[in-house]
Amino acid sequence: MRTATTALITGASSGLGAEFAAQLAARGHDLVLVARSADRLHDLAKRLGDAHGVTAHVLVQDLSAPDAARRVGAELADRGLTVDLLVNNAGFGTCGPFETIDGQRDHDQLMVNVVALVDLTHELLPGMLARGGGAVVNVSSTASFQPTPYLAVYGASKTFVLNFSLALRQEYRRRGIRVLAFCPGPVETEFFNVIGTRKAAVTGSFATPGPVVRAALRALDADRAYVVPGLANQLSAHLTPRRPRTMVAAIAERLSRGVRDAMAGGGADTRKPSGERVA
Ligand SMILES: NC(=O)C1=CN([C@@H]2O[C@H](COP(=O)(O)OP(=O)(O)OC[C@H]3O[C@@H](n4cnc5c(N)ncnc54)[C@H](OP(=O)(O)O)[C@@H]3O)[C@@H](O)[C@H]2O)C=CC1
Ligand SMILES: CC(=O)[C@H](N)C(=O)O
């Protein structure tokens, strides 16, 4: 299989995406950094270029736009760039009782967490196949393994990502394409500022991005189907009973009442973006 040389990372302006960029740059990959926060992306591109001698391209794009992936594909073609590793990382959550959540925000969440992820895979996978190899890392979550009351849309979006990735992997594993579903538990990033409460964490213990992303890249190297970093997260992901499904949902609802109470009044996007953002 051809070694990946250029990695495109969505949501590279902060958190796990910025960490993927740093670790992939340290491995010698050129980068395409995608998000809305232009200043943050340019700062990161410069820092990683200086530190590792790689070329880091910035592509400012709001992934909730219906034609986002097509625009990314067109921009890559204009710049003469091909992508060997796609890291579909951009995402955010909403939480609280469903009727208190802004419907447009949930719509945008599905556009970013699900639609853009599928659309970008459509854009980039054919080129990987034509060149004889490549890889896709899709960022799911431990929230993917059960229904998540008070984070209903977020958890369901991550279940989609997990199952989509597992299916794709089976389709393409004999054609030189690795597909990994990455399922972290709570990680210290801006995710919890954006969602509005740390109570949205599925478990109480927070990891830092460095070790979590290292676990993802090790799993990718080993061509694993999915990875849940951390023992506590593995136990919660694998030992939680799956059936009866209504009982699992009822237990999850009881365990998540802290999120409901914390969000009395609705969800929030408390991010203070730096620099230019696109509409
Ligand atoms: N932190 C955690 O505990 C966990 C996070 N995850 C997942 O990890 C992924 C990364 O999140 P994390 O690093 O934690 O959170 P952050 O909030 O730190 O990063 C989210 C990234 O997504 C980008 N993003 C959000 N909305 C859009 C949009 N409309 N268009 C383009 N980019 C967008 C943001 O960039 P910008 O605002 O500049 O556009 C940012 O770079 C998400 O998919 C999340 O669901 C999974 C499990 C655990
Ligand atoms: C935010 C997440 O997706 C995370 N897996 C969590 O456990 O809270």
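Trainee: How much space lies in the second largest pocket?

Mentor: A pocket, on a 1 Å grid over the protein atoms alone, is an open set of points where a 1.4 Å probe fits, with protein on both sides within 12 Å along at least five of seven lines; lining residues have an atom within 4 Å of a point. A volume is the space filled by probe spheres set on the points, which are joined across faces, edges and corners. In this predicted model, the second largest pocket holds about 360 Å³. This is a predicted model in which local features need pLDDT of at least 70 and side-chain atom pairs count only at pLDDT 80 or more, while totals for chains, interfaces and linings use all residues. Residues are numbered from 1 along each chain as its sequence is written, and side-chain values use heavy atoms, without hydrogens and water.

Trainee: Which residues lie nearest the centre of the second largest pocket?

Mentor: They are Q146, V202, A252, L255 and S256, out of 19 lining residues. Helix α9 (residues 245-255) gives the most to this lining, with five residues.

Trainee: Which residues of α3 are buried?

Mentor: Buried means under 20% relative accessible area and exposed over 50%, with a 1.4 Å probe and protein chains only. In α3 (residues 68-79), the buried residues are A68, A69, V72, G73 and L76. They cover an arc of only 135° around the axis, so they lie on the same side of α3. The face turned away from that side carries the exposed R70, A77 and D78.

Conventions. Chains lettered and ligands numbered in written order. Helix = DSSP H or I, 4+ residues; strand = E, 2+ residues; numbered from the N terminus. Expected span 1.5 Å × (residues − 1). Arc of directions from axis to C-beta.
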